[in-house]
Amino acid sequence: MRDALEVARQYDEAFDAQDPEGRRALVAPDMEAVLPGGMTLRGPDQIHEVEKAFWEALPDGKIDVENWFSAGDT
């Protein structure tokens with residue numbers, strides 16, 4: 001079983017590679033994402049539509065994580 005940190009990294013790497021199927025493989029079919037402003041996306045299809053719009057608008061956009069934490073009180 002993969003740990004949550006590994007899955008999160010793979011999810012972000014798939015975003016940077018503009019790989020929706022790679023991201024879809026890492027989420028549950030009933031996943032929900034709540035975005036700033038209260039927009040709620042339900043399921044991989046809705047999430048992909050927002051990703052696709054982001055990739056079209058900002059094709060060089062990448063996720064840049066400065067710190068990863070999976071345990072502790074940091």
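This report covers aromatic contacts and a surface patch in a predicted model.

## Aromatic pairs

The structure contains two aromatic pairs. In one, the rings of Phe-15 and Phe-54 have centres 5.3 Å apart. Their planes meet at 50 degrees, so this pair is tilted. The pair links distant parts of the chain: Phe-15 belongs to helix α1 (residues 4-16) and Phe-54 to helix α3, 39 residues apart.

Phe-15 also pairs with Trp-55. That pair is tilted too, with 5.4 Å from centre to centre and 50 degrees between the planes. Here again distant parts of the chain are linked, with Phe-15 in helix α1 and Trp-55 in helix α3, 40 residues apart.

## One cluster, and its exposure

Phe-15, Phe-54 and Trp-55 make up one aromatic cluster. Phe-15 has 9% relative accessibility, so it counts as buried. Trp-55 is buried as well, at 7%. Phe-54 has a relative accessible area of 32%, so it is partly exposed. Buried means under 20% relative accessible area.

## A charge over a ring

Tyr-11 has a charged neighbour. The charged end of Arg-23 sits over the Tyr-11 ring, 3.6 Å from its centre.

## A nonpolar surface patch

Ile-63, Val-65 and Trp-68 form a nonpolar patch on the surface. Together they have about 210 Å² of accessible area. Trp-68 lies in the segment after α3 (43-57). Its relative accessible area is 31%, so Trp-68 is partly exposed. Patch residues need over 30% relative accessible area.

Notes
Residues are numbered from 1 along each chain as its sequence is written. This is a predicted model: local features need pLDDT of at least 70, side-chain atom pairs count only at pLDDT 80 or more; totals for chains, interfaces and linings use all residues. Side-chain values use heavy atoms; hydrogens and water are left out. Patches are made of residues with over 30% relative accessible area and no salt bridge: like charges are joined within 9 Å, nonpolar side chains (Val, Leu, Ile, Met, Phe, Trp, Tyr) within 5 Å. Accessible areas come from the Shrake-Rupley method with a 1.4 Å probe; for residues, only the protein chains shown count as cover. A salt bridge is a side-chain nitrogen of Lys or Arg within 4 Å of a carboxyl oxygen of Asp or Glu. Helices (H or I, at least four residues) and strands (E, at least two) are DSSP runs, numbered from the N terminus. Buried means under 20% relative accessible area, exposed over 50%, partly exposed in between (1.4 Å probe, protein chains only). Rings of Phe, Tyr and Trp (its six-membered ring) pair if their centres lie within 6.5 Å; planes under 30 degrees apart count as stacked, over 60 as edge-to-face and the rest as tilted. A charge sits over a ring if NZ of Lys or CZ of Arg is within 6 Å of the ring centre and within 35 degrees of the ring normal.
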